[in-house]
Amino acid sequence: MKKFKNHTVQKYLDVLSQKAPIPGGGSAAALTAAVGTALISMSANYSKGRSPSAAVERKIRRVLARSEKIRKRLMEDVDRDAQAYLKVVRTRKSSPAVRRAALKQAGEVPLDVCRLCYQAMDLTPDLVRYGNPHLLSDVEVAVELLSAAFKSAMINVKVNQQ
């Protein structure tokens, strides 16, 4: 299976819209979170080198480093979620214990997406306070995307716990 994270946006959306079990909502939630986190990185990149304060500059660089780490992990989750759900699909005719184990594993990925969304949102106060003021709307969009991704991933956590 070609990794979804390596698809173009157009190809990913084409595959997402097909009658196929993967990718699905969990993968889309991870991608949405990655887009929100990318906006945080963009805002941090535009904010670097603008402050005369070394302390503020360190904060902005820390936001950038952390957001990039989170974004890369979220892109991995785009595929990890699809792979985990494919295991669930393959256990439909298996014993209840095997199916529960697959569901439990599938629930770990959206839980990771939730944690990463929270961590990414936690980076935004420094951008609001010290970042480039022309990028505040991008930071706000990032928070909205991360909030939507968090809620979407949480739906999958709940479904996989049933």
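Colleague: Which residues does Ser-41 touch, not counting residues up to four places away in sequence?

Modeller: In this predicted model, Ser-41 touches Leu-64, Ser-67 and Glu-68 once those sequence neighbours are set aside. Ser-41 itself sits in helix α2, which spans residues 25-47.

Colleague: Is Ser-41 buried or exposed?

Modeller: Buried means under 20% relative accessible area. Ser-41 has 3% relative accessibility, so it counts as buried.

Colleague: Now the charged residues. How many salt bridges does a search of the whole structure find?

Modeller: The general idea is that side chains of opposite charge can pair when their charged atoms come close. Here the search of the whole structure gives 7 salt bridges.

Colleague: Which side chain meets Lys-5 in a salt bridge?

Modeller: That of Glu-76, at 2.4 Å from N to O. This pair links distant parts of the chain, 71 residues apart: Lys-5 is in the segment before α1 (9-16), and Glu-76 is in helix α3 (residues 54-90).

Colleague: How should I class the two partners by accessibility, starting with Lys-5?

Modeller: Lys-5 is partly exposed, with a relative accessible area of 27%. Glu-76 is partly exposed as well, its relative accessible area being 31%.

Colleague: Where do Arg-61 and Glu-57 lie?

Modeller: Both are in helix α3, 4 residues apart, which is about one turn of the helix. Arg-61 forms a salt bridge with Glu-57, and the closest N and O atoms are 3.2 Å apart. As for accessibility, Arg-61 is partly exposed at a relative accessible area of 45%, whereas Glu-57 is buried at 13%.

Colleague: What is the distance between the closest N and O atoms in the salt bridge of Arg-73 with Asp-112?

Modeller: Those atoms are 2.9 Å apart.

Colleague: Is Asp-112 buried or exposed?

Modeller: Asp-112 counts as buried because its relative accessibility is 10%, under the 20% cut-off.

Colleague: Which residues are linked with Arg-73 and Asp-112 in a network of salt bridges?

Modeller: Asp-77 and Arg-80 are linked with them in that network. When you look at the structure, read Arg-73, Asp-77, Arg-80 and Asp-112 together as one network of salt bridges.

Methods. Residues numbered from 1 in each chain as written. Predicted model: local features only at pLDDT ≥ 70, side-chain atom pairs only at ≥ 80, totals over all residues. Heavy atoms only, no water. Helix = DSSP H or I, 4+ residues; strand = E, 2+ residues; numbered from the N terminus. Buried < 20%, exposed > 50% of the residue type's maximum accessible area, 1.4 Å probe, protein only. Contact = heavy atoms within 4.5 Å. Salt bridge = Lys/Arg side-chain N within 4 Å of Asp/Glu carboxyl O.
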